[in-house]
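Reader: I'd like to talk through the charged pairs in this one. Can you take my questions in turn?

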Amino acid sequence: MYELRPYQTEAKNAVLSEWEQGHKKTLLVLPTGCGKTVVFASVTEEQVHKGHRALIMAHRGELLTQVSDKLKEASGLDSVLEKAESSSLGSFVPVTVGSVQSLCQEKRLDRFPQDYFQDIVVDEAHHALSDSYQRVLEHFPDANVFGVTATPDRGDMKNLGEYFDTKAYEYTMSEAIRDGYLCPIKAQMIPLELDIQNVGLSSGDFSAGDIGCALEPYLVQIANEMAHYCEGRKTVVFLPLIATSQKFCKMLNDVGLRAVEVNGNSDDRAQVLTDFENGKYDVLCNSMLLTEGWDCPSVDCIVILRPTKIRSLYQQMVGRGMRLSPGKDHLLLLDFLWMTARHDLCRPSALISKDEKIASMIDEQMQADEDGVDLIEAEEQAERDVLAERERALAEELAGMRKRKRKLVDPLQYALSIAAEDLTNYVPTFAWEMAPPSEKQLQFLERRGIFPDSVSNAGLASLLIDRLKRRQDMGLATPKQIRCLERYGFRQVGTWQFDDASKLISQLADNRWRVPYGITPALYRP
């Protein structure tokens, strides 16, 4: 049995809370390596104690036993497999671990009553939009659904928003690194220009066959570079094709690295992985076999020679090296100058930043620094630069807002005053967020001093209301106080305590609404 980490407890409670509120299809965003199985095992355990039957769905049959074992280890719950000849129908065990390939078969699915499962967990939720998953999920229309994904960017989240109602909880990779639950990443740019401009697309990503052909002229150079960068490291290399992986493995051995290759057809796969973990080899080459379901915490170097535009896949590859291990102080991520006209190619910056401008600045730092960059430090610097740039651009607009005669605060002015980046950059994801704000929401915001005409959707209204309530509980300045004092030139009043703002407003009133002598509003801090 596992003791939950603080963020895992928060995640579990958030999922259960969403279900209790009637949001039956909710998402948990958790980076690879942060214990998603522990969270969904704990949620499942809670529901089983209520007398529920639960289904945990995996998209590959070979992952089922692993999920079943981890479920038992994390929560003590037994489970029954729904795969091939094995069926959970008639079993007294309340948890089913099922293969989507088996479950989506019409003959098998029709045997289940529509109310058979009260809760469904979708592992790797980015698969949930596929026809096979939708067939299963639609068969159990009243079940609570809980999807787990590591997807970090808005585009992928917006796609998931077509099915899921809400995002219950998000714990970012940056937070996990800062909190000490994942290993820091040093991203190193290798100055090799790999031309993939003519690579075609297949199933929404770069064609593996075309990538394999495009890589061929560069493999010897890459092997020589790796001999330098990967010395003394435990390295995993992701390649597009088995043939490319086997060829590259031989090249690595030729330059003095102890390399081994593994693929889906390898009879000795388990032994090779064990030998690699035990230090018999320095480098493990694979053609996308190890993106899911394999963990070796001592891996401290990842080389991606299979460029992708799918964020979840990219994060899964890098995630193979992000777990903590004794003596490991960072993960080295080797990147290349992939020459392509497409702007949706995943780069290391995509792991930690949803903001395109910040990601672009991190990429620029990587290319400028020959010694590599710490991704968290690069993100912090880029955030500072972008924030300064945005503040300059908004200064004129805000100056006009502050001079307006109306007594209410514009949401943008409020967001900047309380330094709430999630409000200033808010983009709705789910269908309910995109809907117009309700009359009740607008009335609440207006009573609290927010100008309601500038609140364009229900998601922003909900976020503002939640922030207003939390700030009230924390005893912070109200929108009306912010509006009043910023008109006199005081800055960032949103970060002040309610009592400090109230005291200064009283001073202004006592001084016939003039700034008291000796106070410089732009510099004043309570």
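Reader: Is Glu124 buried or exposed?
Author: Keep in mind that this is a predicted model. Glu124 has a relative accessibility of 10%. The cut-off for buried is under 20%, so Glu124 counts as buried.

Reader: OK, and which residue forms a salt bridge with Glu124?
Author: Look for a lysine in helix α2, residues 36-48, since Glu124 itself sits in the loop between β5 (119-122) and α6 (131-139). The two partners are 88 residues apart, so this pair links distant parts of the chain. The closest N and O atoms are 2.5 Å apart, and the partner is Lys36.

Reader: How does Lys36 count in terms of accessibility?
Author: Lys36 comes out at 23% relative accessibility. Buried would need under 20% and exposed over 50%, so Lys36 is partly exposed.

Reader: What about Lys70: how far apart in sequence are the parts that its pair with Asp295 ties together?
Author: Lys70 and Asp295 form a salt bridge, with 3.6 Å between the closest N and O atoms. Lys70 lies in helix α3 (residues 64-75), while Asp295 is in the loop between β13 (283-286) and β14 (301-304), so the parts tied together are apart in sequence by 225 residues.

Reader: Which residues are linked with Lys70 in a network of salt bridges?
Author: Lys70 is partly exposed at 31%, and Asp295 is partly exposed too, at 29%. Both belong to a network of salt bridges, where Lys70 is linked with Asp295, Arg320 and Arg323.

Reader: Now Arg258 and Asp282: which of the two is buried?
Author: These two form a salt bridge, the closest N and O atoms being 2.8 Å apart. Arg258 has a relative accessible area of 40%, which makes it partly exposed. At 17%, the buried one is Asp282.

Reader: Let's look at helix α12. Which residues does Arg269 touch, leaving out those up to four places away in sequence?
Author: Arg269 lies in helix α12 and is partly exposed at 32% relative accessibility. Leu289 is 20 residues from Arg269 in sequence, and their C-alpha atoms are 11 Å apart. Contact here goes by heavy atoms within 4.5 Å, and on that basis Arg269 touches Val262, Asn263, Gly264 and Leu289.

Reader: Last one: how many salt bridges does the count come to?
Author: The rule takes a side-chain nitrogen of Lys or Arg within 4 Å of a carboxyl oxygen of Asp or Glu. By this rule the count of salt bridges is 18.

Definitions and conventions
Residues are numbered from 1 along each chain as its sequence is written. This is a predicted model: local features need pLDDT of at least 70, side-chain atom pairs count only at pLDDT 80 or more; totals for chains, interfaces and linings use all residues. Side-chain values use heavy atoms; hydrogens and water are left out. Helices (H or I, at least four residues) and strands (E, at least two) are DSSP runs, numbered from the N terminus. Buried means under 20% relative accessible area, exposed over 50%, partly exposed in between (1.4 Å probe, protein chains only).
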